[in-house]
Amino acid sequence: MTGLQFCSFLTTKLWGFFTLTWCVSFPLVCKSCVLRRFSIQPAQQKKIPNRYLGQPSPFTHPHLLKPGEVTPGLSQVEYALRRHKLMVLIQKEAQGLDGLDHTVILLSNPTYYMSNDIPYIFHQDTNFLYLCGFQEPDSILVLQSIPGKALPSHKSILFVPQRDPNRELWDGPRSGPDGAIALTGVDEAYTIGEFRHLVAKLKGESNVVWYDLRKPVHRELHSDYMQPLAEVKARSKNRIQGIRHLVQNLRLIKSPAEIERMKIAGRVTAEAFTETMFASKSPVDEAFLYAKFEFECRARGADILAYPPVVAGGNRSNTLHYVKNNQLIKDGELVLLDGGCEFSCYVSDITRTWPVNGRFTKPQAELYQAVLDIQKSCLSLCSPGMSLENIYSLMLSLIGQKLKDLGVLESSITDSHFFKAVRKYCPHHVGHYLGMDVHDTPDISRSLPFQPGMVITIEPGIYIPEDDASAPERFRGIGVRIEDDVVITEDAPLVLSADCPKDIYHIEQICGRSS
């Protein structure tokens, strides 16, 4: 989407009191409208029902949400802007397509079960969540063009589970259509059974449907409604169009409100790391450090951990996705902890490596400092115009030089074998995009030039297995990775995890307090 400019107007209800009309420019600042235009008109207030909904609301959870917020820190206006921007992208994509009417359909996640009738904690599909903030399962979001009006004009509709006192006795309250409208600010809401009436209308030749047919999020809703529709549309000139790539293009650039959420997630995780380092001792069980890290995140308001953390002692740190976390870490060994939390729908992803007894050995310090130097060099390149792929190439070159300096690679190694040898000791990329998901916007190329508002990780590592006879013996069994979360800005990169200690002196000071 680099280089595109377009300007249009969004009118949305702001917490039910007035409508707000402004110029929207995406993804660059509008050059023709320097000042936003505001027109305030009375609008009918949509009052939050005086009861518990299927998710926190400003009425039931005033300590979490301010009036007008759908999810903590994110308002109805923010979500309406996202839907508007998506329809602007569809307006561009729709050029050349037959059909006058456009309908976007996104499914929520279902409830998943660990056994029989015991559910896992529900976690919403992030593309669905990004566009409406609704956090109940078995729901459908529809964005539909308005007859007689050009895109991006549209109406937003939620189809949600019907309120059922018997089910709510067991599963907890549901929002119902009235609660869904009042909380999220969508234009209309109906029970999920009513969706069949819309599907019947979408089978006509004039309707272009935008839906992720190849990767259905909710199998039952897909088979009940979308698969039959897809079979009809496959025989028409207007086949179903994918929507995933457009939503990911929007999610790639974070708004100021999103970055504020990620700042909190980064700070919470950094504090949890510090407390976990402080609690280290030797020997120590990996499971204890796992539990300590999760407790410190949750105690600071995190909703859940962002992913199963890696808590890898000794040689196990050379297994990149080691998550068993069930061994004892011996005196003199390092622990590599790769962990993050989810805070108000946004995640962190940080890695630190430290000695459980509080003191680095000389070989450990040499290898650790090499990785730290490389990481700081990579962080300095996080600016507009660069890319993850650019920084990855630099990382490999820097690792190769450090490995030569340490005697792990021969100084005479030929260019043709150099990068293959380096990738043996660092088999992963330098980083990935970060946001509502840990590996956010996975379909976006790592070669895309950075733009302000992107959030990435920078995570070089060097891993020397204990059975690597070609490496100096003093380094065998040591694995080091250092990872930070970074916001791309017009100026210097903003490191969200800056409060998490990583210099050798600071780590030894913290770990030494517990001994």
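The legends below describe close-up views of a predicted model.

Local features are described only where pLDDT is at least 70 and side-chain atom pairs only at pLDDT 80 or more, whereas totals for chains, interfaces and linings use all residues. Residues are numbered from 1 along each chain as its sequence is written, and side-chain values use heavy atoms, with hydrogens and water left out.

**View 1. The whole chain.**
The chain holds 13 helices and 25 strands. Helices (H or I, at least four residues) and strands (E, at least two) are DSSP runs, numbered from the N terminus. The radius of gyration is 25 Å, close to the 24 Å that the globule rule gives for 515 residues, so the chain is as compact as a globular protein of that length. This radius is taken over C-alpha atoms, and the globule rule is 2.2 Å times the number of residues to the power 0.38. Along the principal axes, the C-alpha atoms fill a box of roughly 75 × 50 × 45 Å. Of the 515 residues, 54% count as buried; buried means under 20% relative accessible area, exposed over 50%, and partly exposed in between (1.4 Å probe, protein chains only). Of the contacts (heavy atoms within 4.5 Å) between residues at least 6 apart in sequence, 69% join residues at least 24 apart.

**View 2. The open sheet E15-E17-E20.**
Three strands form an open sheet in the order E15-E17-E20, and their pairing is antiparallel. E15 and E20 are the edge strands, each pairing on one side only. From one strand to the next, the twist averages 10°; axes are lines fitted to C-alpha atoms, for helices over the stretch in contact, and angles run from 0 to 180 degrees between N-to-C directions. Two strands count as paired if DSSP finds at least two bridges between them. Strand E15 (residues 310-313) is joined to strand E17 (residues 334-339) by four bridges, and Gly313 has Val335 of E17 as its bridge partner. Both faces of E15 are covered, with Val310 and Ala312 buried on one side and Val311 and Gly313 buried on the other. Six bridges join E17 to E20, where Thr351 is the bridge partner of Asp338.

Two bridges pair E14 with strand E18 (residues 341-343) in the antiparallel sense, and Leu305 has Cys341 of E18 as its bridge partner.

**View 3. Thr269 in helix H8.**
Thr269 is found in helix H8 and is buried, with a relative accessible area of 0%. The side chains of Thr269 and Ser348 are joined by a polar contact of 2.5 Å. A polar contact is a pair of N or O atoms within 3.5 Å; within protein, one must be able to donate a hydrogen and the other to accept it, and residues adjacent in sequence count only if both atoms are side-chain atoms. Apart from neighbours within four places in sequence, Thr269 is in contact with Phe293, Gly339, Gly340, Cys341, Ser348 and Ile350.

**View 4. The buried face of helix H13.**
In helix H13 (residues 504-512), the buried residues are Ile504, Ile507, Glu508, Ile510 and Cys511. Seen down the axis of H13, these residues fall within an arc of 165°, so they line one face of the helix. The arc is that of the directions from the helix axis to the C-beta atoms. The buried residues of H13 pack against H8, strand E20 (350-355) and helix H10 (362-379).

**View 5. Strands E21 and E24.**
Strand E21 (residues 455-458) and strand E24 (residues 484-487) run antiparallel and are joined by four bridges. Thr457 stands opposite Asp485 in E24. Val455 and Thr457 point one way from E21 and Ile456 and Ile458 the other way, and all are buried.

**View 6. Tyr79 in helix H1.**
Tyr79 lies in helix H1 (residues 76-93) and is buried, with a relative accessible area of 1%. Not counting residues up to four places away in sequence, Tyr79 touches Val70, Thr71, Leu74, Leu129, Tyr130, Leu131, Cys132 and Gly133. Gly407 is 328 residues from Tyr79 along the chain, and 54 Å separate their C-alpha atoms.
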